[in-house]
Amino acid sequence: DLAALMIEVVLEFDLSMPEKDIQNIIIFITKELAREGKIKIAYTFAQAISSVYVKDRTLLAICYELAEQRKTQEAIEMCKYLTEDERKGQALVAIAAELVKNGNTEDSIEIALGADSETSRSYILQAVSSELVKQGNLELALENAREISDDFLKVSTMMFISTEVSKKGNVNEADKAMQEALACARGISSDWGKSIALKDISTELAKQGKVEEALTCAMGIRDERRKSSALKDISTELAKQGKVEEALTCAKGVSDESEKSSALLAISIELAKQAKVDEALTCARGISYDNIKWISLQGISTEFAKQDNWAIAEIVCLEIQQYKEMYNCWINIAKNTSQEKGWLNALKIILQLQNVELKAFYLKGVADSLTPNESFKEQILPALILYETDVLSITKILQQHSLNELFYTDFPANKAVSQYRHLNMQWAIDIKSKLFNVN
């Protein structure tokens with residue numbers, strides 16, 4: 001009965017609905033049926049689908065659900081009905097991962113050994129190894145990872161093992177796994193594949209604080225674009241760690257101007273967080289791409305605003321030569337300040353600002369951030385004088401105040417009709433009347 005009802009609902013959907021949405025609805029219904037244990041109904045529903053692609057996705061959803069319910073044999077049987085090898089592989093990966101989670105490693109490895117292709121086998125072993133290292137079983141994780149035939153997947157798995165072990169403070173074991181990943185990456189025959197693998201490894205080494213090793217790895221990349229990307233990632237990671245000098249040195253070695261600009265962006269923001277205004281501005285000014293330079297200056301200005309250094313925040317923002325970006329910068333600063341300090345406290349900041357244009361931007365941002373529960377008469381009346389020439393912001397503030405009176409006080413809806421007629425608030429008055437059955 002449930003399945004029939006579900007199918008009826010789907011069939012009644014407007015045919016103008018995007019096909020992808022209909023597919024997602026069908027998959028959701030099937031998954032829910034499987035979750036409730038109605039596997040036969042779910043399967044019947046899936047088999048009635050004419051599209052092979054949608055049918056496979058639907059059957060895959062059933063496989064996932066069966067795997068989560070630890071119904072391994074049923075999940076494996078369901079895999080046989082999948083027509084696409086890729087979907088079948090995805091299902092077996094999920095089943096194997098669930099088996100390891102439940103402590104049944106031997107069966108998961110058997111699934112890997114019985115896979116139809118080397119690619120599927122590699123993906124399954126990757127899932128098994130990843131789950132094992134999460135459980136702290138490093139040796140078995142490494143043992144399975146070494147059996148992966150796909151070099152790129154092997155590199156990815158060894159890197160994951162290294163990262164997980166590093167998080168637990170086991171530096172030596174993390175280093176061993178990373179060295180295996182590096183050896184495997186260097187053995188990849190394709191220059192394209194090797195470059196990507198070495199780039200990923202160099203970034204991960206930087207995250208683990210192994211700067212020299214990361215740089216050595218990156219410099220071994222032949223493709224200049226990939227090398228620049230790797231050095232940019234290392235530089236950005238060093239900046240996040242607060243190692244600004246090392247980050248700057250690394251960024252100087254980036255040959256691609258776009259990648260270098262992205263690296264300098266990250267470094268400039270980090271310098272701003274450390275309140276080093278001159279260094280941050282020098283870094284930002286060295287960015288050759290204007291759009292990235294404006295983002296950098298916005299970030300620096302925002303950081304100094306967070307530190308309540310409004311004078312510097314203004315000076316930095318005025319270096320942005322794109323009017324729209326300058327406007328957006330201070331609108332966002334005002335909204336962030338309002339959220340962190342409260343609307344009234346954010347408004348008081350205006351007394352610290354000097355530039356007339358930035359004051360106007362800031363006031364608009366504060367007005368935009370006002371919420372009904374803050375819009376009590378005692379709060380907004382003193383503020384309105386600041387907005388005497390900004391009719392749009394005054395309207396927004398009064399609209400929020402009207403919502404406050406309608407929903408946070410006993411203000412009668414019939415009185416609101418005449419009082420708020422110029423504020424386009426009839427929709428709110430109607431809602432209050434219907435919700436609370438008042439006049």
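Helices (H or I, at least four residues) and strands (E, at least two) are DSSP runs, numbered from the N terminus. The model is predicted, so that local features need pLDDT of at least 70 and side-chain atom pairs count only at pLDDT 80 or more, while totals for chains, interfaces and linings use all residues. Residues are numbered from 1 along each chain as its sequence is written, and side-chain values use heavy atoms, with hydrogens and water left out.

**Terms**
- On a 1 Å grid over the protein atoms alone, a cavity is a set of points where a 1.4 Å probe fits but cannot get out, a pocket is an open set with protein on both sides within 12 Å along at least five of seven lines, and lining residues have an atom within 4 Å of a point.
- Grid points are joined across faces, edges and corners, and a volume is the space filled by probe spheres set on the points.

**Second largest pocket**
- The second largest pocket has a volume of about 210 Å³, and its lining includes Asp 85, Lys 88, Asp 116 and Tyr 123.
- Helix H6 (85-101) and helix H8 (118-134) each supply at least two lining residues, with the largest share, 7 residues, coming from H6.

**Largest cavity**
- The structure holds 1 cavity of 30 Å³ or more, and the largest cavity contains about 30 Å³ of space.
- Ala 67, Arg 70, Thr 72, Ile 95, Glu 98, Leu 99 and Asn 102 line the largest cavity, to which H6 gives the most, with 3 residues.
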